[in-house]
Amino acid sequence: EKQGVHVGLHTLSNFITTNDAYVTPVPDRRLAQAGLSTVNEDINLDQTDVTIESPNIFRQSDNNNLKTVRIGDELIQYTSVSDTTPWKLMACKRGAWGTSAATHSKGDTIALLADHGYKVFLTDADLSKEVAFNIARLYNQTGLRQISFDGLEGNRSTAMGNYGEILFTNEWYQNLSDEIKQHYIADASRTSHYFWHMYTRMNWGEPWYAGFRESQTEYRLKNQKYFSRNMMPGMLGWFSMRNTTSLEDIEWMLARSAGFNAGFAFVVSREVLNSNGLGKEILNQVKNWEFARLHNAFTSEQKDQMKDISKEFHLEPNGENSWKLYPEHVSLKNAHPNKTRQPGEPTHSGFEFSNPYHEQPLAYTLKLVSDYYQDSVSDMYLELDVTQTIHLPVSLKAGQVLKIYGDGRAIHFNERWNIINELEIPDLKIAPGDHTIEFDCKFNAGEKAEVRLEFRCSGKPDTITIKK
């Protein structure tokens, strides 16, 4: 804090892990219940089948991930429910989750605990409020200044719907000290009208499900319209930098951020930054784009262009508080597979690419994609419009990249963007208009291996300057 850095936390709201003091060794009676029945026979300490009055609630499989019931102070996990009477919970694990096995009597209440797919228990309304109060105490005592309310929907276990979610966040807010209330950031994966006055922003879109550009992209874009309609700050959601993330992927995200004037959550670690050979360049580009965005350097016309996810841009420093913004036309999804052909049949792949700009050297990237790290390709050649052919003096192993920048540079990278070698490769001059590109190589690889190709050309730049 003395250096101007404030710390925050990400919380899964009212999710209660199975090793929590609310669960073990004595389960809290306020753990949310999905339904009730009664015990139909006395139960001794060693019994592994539990006879019950009604099987209905225990048979349901939706949100029944832990199959845990509570009788008194004992938690019991069951495997299945009998098909016929007498109804029984079968193959039970007694004293589950560190609780103690006990005897129980006919007529005792048996409750199925509500849970979540993250293998956690949930709370009733009173316990929700207590958990939120405890989080507020933590913030007051430590000076934490940021919170992410993930999983707020878990508070629907209160049986109060959206009100249960608001009950949780309001309890947190009302118990914050005045000092924390004056300066904090609160974001959430969802929001509602009552939460509007106490949270800073909604920020969701998760990076775990697909590639950097594909994960929940439609959801992220729909959110921007929602935010605008409801006078919320623009936020793109979460992006995760990996040791294989490219500079182009980062600029794709930063252009969307500039277009929608939206912030983002950037997941990164020291390990990733150190292992990704472009780590310093990536951080520098984040700095450049964000400095320009936060100083309102982009025009409304430029922002409208950058809202289109099919369009790409490159920002290049041009002196103090000035940059050149290059529009780029890109063709990403080109693949040359390891083909099996009849003797003498050509194995090359053909691609179409259009240059909407002036004549320039073609920029392109080649990457070998394979499940086997020992696979490789060699004898690669590229032919543009039949008239220009170059042979690439490189052997690519699985995951490696050959990148020709179109400005005299050609670099051979490993899968983590660390430089293996710098080369001299002749340029392919590409005129305005439509073109055909032919590619072939020699595979020393399995049948599923393929070379993926990206083609790129740049338009004339706009000068971006911060107005003093």
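Colleague: How many cavities of 30 Å³ or more does the structure hold?

Modeller: Rolling a probe the size of a water molecule over the atoms shows where empty space is left. Here there are three cavities of 30 Å³ or more (a cavity being a set of points on a 1 Å grid over the protein atoms alone where a 1.4 Å probe fits but cannot get out). Bear in mind that this is a predicted model, where local features need pLDDT of at least 70 and side-chain atom pairs count only at pLDDT 80 or more, while totals for chains, interfaces and linings use all residues. Also, residues are numbered from 1 along each chain as its sequence is written, and side-chain values use heavy atoms, leaving out hydrogens and water.

Colleague: What volume does the largest cavity have, and which residues line it?

Modeller: Its volume is about 50 Å³ (the space filled by probe spheres set on the grid points). Thr-217, Arg-220, Leu-221, Leu-236, Phe-239, Trp-252, Arg-256 and Ile-309 form the lining (each has an atom within 4 Å of a point). Helix 5 (217-229) gives the most, with three residues; strand 14 (235-240) and helix 6 (247-260) supply at least two each. Helices (H or I, at least four residues) and strands (E, at least two) are DSSP runs, numbered from the N terminus.

Colleague: Which residues of helix 2 are buried?

Modeller: An α-helix has 3.6 residues a turn, so residues three or four places apart point the same way. In helix 2, the buried ones are Ala-125, Leu-127, Ser-128, Val-131, Ala-132, Ile-135, Ala-136 and Tyr-139 (under 20% relative accessible area with a 1.4 Å probe, protein chains only). They pack against strand 1 (8-11), strand 11 (146-149), helix 3 (162-174) and helix 4 (178-182).

Colleague: What caps the N-terminal end of helix 2, and what follows the helix?

Modeller: Asp-124 is the cap, with a side-chain oxygen 3.2 Å from the backbone nitrogen of Asp-126. After the helix comes Gly-143, whose phi is positive, near 80°.

Colleague: Is Ser-349 buried or exposed?

Modeller: Ser-349 sits in strand 18 (residues 349-355), and counts as buried because its relative accessible area is 6%. Leaving aside neighbours within four places in sequence, its contacts (heavy atoms within 4.5 Å) include Lys-339, Ile-437 and Phe-439.

Colleague: And Glu-290: buried or exposed?

Modeller: Buried, because its relative accessibility is 16%. Glu-290 belongs to helix 8 (residues 279-294), and touches Ser-257 and Phe-264, not counting residues up to four places away in sequence.

Conventions
Buried means under 20% relative accessible area, exposed over 50%, partly exposed in between (1.4 Å probe, protein chains only). A polar contact is a pair of N or O atoms within 3.5 Å; within protein, one must be able to donate a hydrogen and the other to accept it, and residues adjacent in sequence count only if both atoms are side-chain atoms. On a 1 Å grid over the protein atoms alone, a cavity is a set of points where a 1.4 Å probe fits but cannot get out, and a pocket is an open set with protein on both sides within 12 Å along at least five of seven lines; lining residues have an atom within 4 Å of a point.
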